[in-house]
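Colleague: I'm new to this structure and could use a guided tour. Could you show me how to read its features step by step?

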Amino acid sequence: MTDPSIRGAGSVVVLGGRSEREFSVVRDLGYRVVLVDEQVPWHCMPWVDAHLDVDLDDRDAVAEAIRSELGDEAPVAVLTHTEPRLPLMAHLNRLLVDTPRGLDETAAANCRDKWRTRTVLTEAGLPVPRFALATTVEEALTAAEDIGYPVVVKPRDGAGAFGVRCCAGERELREAVAALFAAPAGSLAGALVEEYVDGPEYAVQTVTYESKTSVLSVFRQRMTPPPVFVELGYEHPSGLSDAERDELEQLMRDVLGALSLNDWISHTQIRRGPDGFRVIEVNARRPGGRLVEMTTAVSGVDMTEAVTRQALGLPRPAPAATVAFARYASIVFDTSGTLLYDEVAPEPGAFGPLVEVEVEPGETVRPKEHPNGGVYGRIVVYGDTADELDRAERGVRDALSLQVVFGDGLGPAETDSREFKSCC
């Protein structure tokens, strides 16, 4: 619902975006939306008031295009939900906005660069895996010898587990680092080599207002075993005891404070190894996939609306109703072939099942560990007990009737039009 007291209050610049919700929440709050992207998709144009095609890697060109569009008007805020554009968002807010709020350039850089994240947290005495930055294969080998195998190789930036691999020895490490350098998954030079922390993983969603952090959700994450990490799903409650949850929440407050993330949202991945919690990644954004909806269901807070209001300097939204149990199950496959399934219509209601398949019937799928495989969709269910979740998920899978037929090489030509193969 539009707030009549602020209708026409100014323009908000949004960098990139593909989801209608990213724009509708701004417009519903009474602001004009200017979408800036490398090439604005046709389907996004009806959702915004103006759109500009600009090279987002050219900061000066982006700033000039915004000034030209708005004339003498300064934007109320520059906003993005796209992780690679967070540093640009912070820069433009400082440059163009009269009263910049939210994520600043220091925090954006601290979270975007995984090497910088670990360096800052290490200097603050906070628990991270042992790590090193390698710019050559030989440097990576030396780092792995110092850290001890197995080690994890990953790009310095990027998301969705692209380019991430666990290496048990020298041969695997050489191959992984060489592949990462040949086709870098991120924009920052070098590869991160870090200790593999063996233990359960948790996805933690937060919102921080004026340096006061609220943990919205802690999900126990299920993943495939090494060497690759494919998300299989998430569970709420996480299974942590009250004492462990308190420890985790204090750790999040310390981590976000050290990274200077004082007024924004975050999605953080943490593992609990033999010696306690270790911070794996801190992302200054909402989670991907449908974890935003799942977080809304268990906390009553919509992270998209919350961060938009923060950028605009508006009061926090009132929490909505919540559920006691939630499950996010990835749609993955163990074999290659042609996928057949039945369409499932969403059920009405705030807590009805959410079903999303990202490929059409008749397209080719690959096993979850395959480089061209991974996650092909997701099922999110809610309930009052774990048994209800089991029944709800089983009902959705029965209705979908997912089948992989023909086998590798006998089906239609392989297609893969998905933007992301992993949510986080």
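Modeller: Happy to. Keep in mind that this is a predicted model. Let's begin with strand S8, residues 191-195, which is mostly covered, with five of its five residues buried.

Colleague: Which strands are joined to S8 by bridges?

Modeller: The general idea comes before the case. Strands of a sheet pair through backbone hydrogen bonds, and the pairing is either parallel or antiparallel. Here, strand S5 (residues 131-134) runs antiparallel to S8 and is joined to it by four bridges. Strand S6 (residues 151-155) is also antiparallel to S8, with five bridges. For a spot to look at, take Leu133, whose bridge partner in S8 is Leu192.

Colleague: Now a helix, please. Which residues of helix H6 are buried?

Modeller: Start with the rule for helices. An α-helix has 3.6 residues a turn, so residues three or four places apart point the same way. In H6, residues 137-147, the buried ones are Ala140, Leu141, Ala143, Ala144 and Ile147. Viewed down the axis of H6, these buried residues stay within an arc of 165 degrees, so they line one face of the helix. Glu145 and Asp146, on the other side of H6, are exposed.

Colleague: And what do the buried residues of H6 pack against?

Modeller: They pack against S5, S6, S8 and helix H7 (170-182).

Colleague: Let's go inside. How many residues does the largest nonpolar core have?

Modeller: It has 73 residues, and those with the most contacts inside it are Val36, Leu92, Leu103 and Trp264. Helix H3 (residues 86-96) gives the most to this core, with six residues. Click on Leu92: setting aside neighbours within four places in sequence, it is in contact with Leu15, Val62, Ala63, Ile66, Val78 and Val97. There is also a second, separate core of 15 residues, including Cys167, Ala176, Val177 and Val193.

Colleague: At what angle do H3 and H4 pack?

Modeller: The angle is about 175 degrees, and the axes are 8 Å apart. Over 145 degrees counts as roughly antiparallel, so H3 and H4 are roughly antiparallel to each other. At the meeting place, Leu86, Pro87, Ala90, His91 and Arg94 of H3 meet Glu105, Ala108 and Arg112 of H4.

Colleague: In what order do the eight strands of the open sheet come?

Modeller: Read across it as S13-S12-S9-S10-S11-S14-S18-S16, with antiparallel pairing. The edges are strand S13 (276-283) and strand S16 (354-357), each pairing on one side only. From one strand to the next, the twist averages 20 degrees. Helix H8 (residues 242-258) packs on this sheet and touches S9, S10, S12 and S13, its direction making about 45 degrees with that of S13.

Colleague: Which residues of S9 point one way, and which the other way?

Modeller: In a regular strand the side chains alternate between the two faces of the sheet. In S9, Glu201, Ala203, Gln205, Val207 and Tyr209 point one way, while Tyr202, Val204, Thr206 and Thr208 point the other way, and all are buried. On pairing, S9 and strand S12 (residues 265-273) are antiparallel over seven bridges. Thr206 has Ser266 of S12 as its bridge partner, and Val204 has Thr268. S9 also pairs with S10 in the antiparallel sense, over nine bridges, and there Val207 stands opposite Ser214.

Colleague: What phi does Glu210 take in the hairpin of S9 and S10?

Modeller: Its phi is positive, near 50 degrees, and the hairpin has two residues between the strands. Ser211, in the loop between S9 and S10, has a positive phi of about 70 degrees although it is not a glycine. This serine is exposed, with a relative accessible area of 52%. Compare Ser260, in the loop between H8 and S12: its phi is positive too, near 65 degrees, and at 26% relative accessibility it counts as partly exposed.

Definitions and conventions
Residues numbered from 1 in each chain as written. Predicted model: local features only at pLDDT ≥ 70, side-chain atom pairs only at ≥ 80, totals over all residues. Heavy atoms only, no water. Buried < 20%, exposed > 50% of the residue type's maximum accessible area, 1.4 Å probe, protein only. Pairing = 2+ DSSP bridges. Core = buried A, V, L, I, M, F, W, Y, C linked by side-chain atoms within 4.5 Å. Contact = heavy atoms within 4.5 Å. Arc of directions from axis to C-beta. Axes fitted to C-alpha atoms, helices over the stretch in contact; angles between N-to-C directions. Parallel < 35°, antiparallel > 145°, perpendicular 65-115°, else oblique.
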